[in-house]
Amino acid sequence: MTQTEKYIWLINTIHKAKRISLADISDQWREYAGLNVDEKLSRATFNRWKDDIYLQFGVIISCQRAGGYKYYIDNPEIIEDNHLNKWMIDTIATGILINNNISISDRILVNKIPSGNDHLKTIITALKRNVKIWITYQRFDRESYRFLIEPYCLKLFENRWYMLGQNNRGHVKIYGLDRILKIEVTEEHFRLPQDFNAEQFFAPYFGVVIGYDVKPEKIVIRAYDIHRLYMASLPLHDSQKLIEDTGEYADFQLCVAPTYDLVMKLLSFGTKIEVLEPESLRGTMRGWASDLCEMYDGKKQ
């Protein structure tokens, strides 16, 4: 078991318990790690892990002395509200859980993910140093080409990694890492725009199709039957809020740009949802539905 895995275990144990003594932490650690009954997590080791966790994850483990020295996460928002930290901790924790049950790995299935992770380390290094990179890129509709780019940020969407950056034509665009054939890091530094904020940049959109000419607007979606519960448990967008739930259907309101990615997502729900507003998006959905009907009726050429 790696040190990072131990740290993730300790974070999750304390976060789940809310308040927990060192003795209880030690008992759970002994059971989790399969140690002998006389072995325990020493205070010195615990304090060292606690300090390393702060340096590595920014998670503060504090002690409540009143009532018997109970430990707790002093800044739970860094786990609950920080999307990257939460994703990282959950991902590592899931990996630990599966690794500890490798004997049933043939009964735990995951999707095959397109390549692209090989480029992550190189791009992250370039992000940290604010240096330009040359990429050889293969689009689906043309031959590969090579160009210089200023990397702004990374985004994970639908099991694919994407990089947002400004290319040598001055255009800010999104690039799929699985379509990058080669990366060359330069020593040429660039200045990240002072007002750039990755989360705010993508906030008006669903997915990675940006659509600068498509502005966020009020969208109302009606979800029917049990799908209303699905939408409530897994919101399409951070702006989603419930307007009404009748038991037969539920109406949800979002403030998001109706880009291609959003339309494709809505179409994937079939007749389980209906766009009520705006009329322009209803028309777009109607057009796609009409094209599908023509295709399956054999009328579309």
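Ile 20 stands opposite Tyr 71, a residue of strand 3. The model is predicted.

The pairing around these residues comes first. Strand 1 pairs with strand 3 (residues 70-73) in the antiparallel sense, over 2 bridges. Both belong to an open sheet of 3 strands in the order 1-3-2, with antiparallel pairing. Strand 1 (20-21) and strand 2 (61-64) stand at the edges; each has a single partner strand, so one side of each lacks a neighbour in the sheet.

Next, the backbone. Most residues other than glycine have a negative phi, and most peptide bonds are trans.

| Site | Feature | Value |
|---|---|---|
| Glu 158 | positive phi | about 50 degrees |
| Asn 159 | positive phi | about 65 degrees |
| Glu 277 and Pro 278 | cis peptide bond, omega | about -5 degrees |

Where does Glu 158 lie? Glu 158 sits in the loop between strand 5 (145-157) and strand 6 (160-167). Asn 159 also lies in the loop between strand 5 and strand 6. Is Asn 159 buried, partly exposed or exposed? Its relative accessible area is 36%, so Asn 159 is partly exposed. That value falls between the cut-offs of 20% for buried and 50% for exposed.

The cis bond joins Glu 277 to Pro 278. Pro 278 lies in the loop between strand 12 (273-277) and helix 10 (279-297).

How values were computed:
Residues are numbered from 1 along each chain as its sequence is written. This is a predicted model: local features need pLDDT of at least 70, side-chain atom pairs count only at pLDDT 80 or more; totals for chains, interfaces and linings use all residues. Side-chain values use heavy atoms; hydrogens and water are left out. Helices (H or I, at least four residues) and strands (E, at least two) are DSSP runs, numbered from the N terminus. Buried means under 20% relative accessible area, exposed over 50%, partly exposed in between (1.4 Å probe, protein chains only). Two strands pair if DSSP finds at least two bridges between them.
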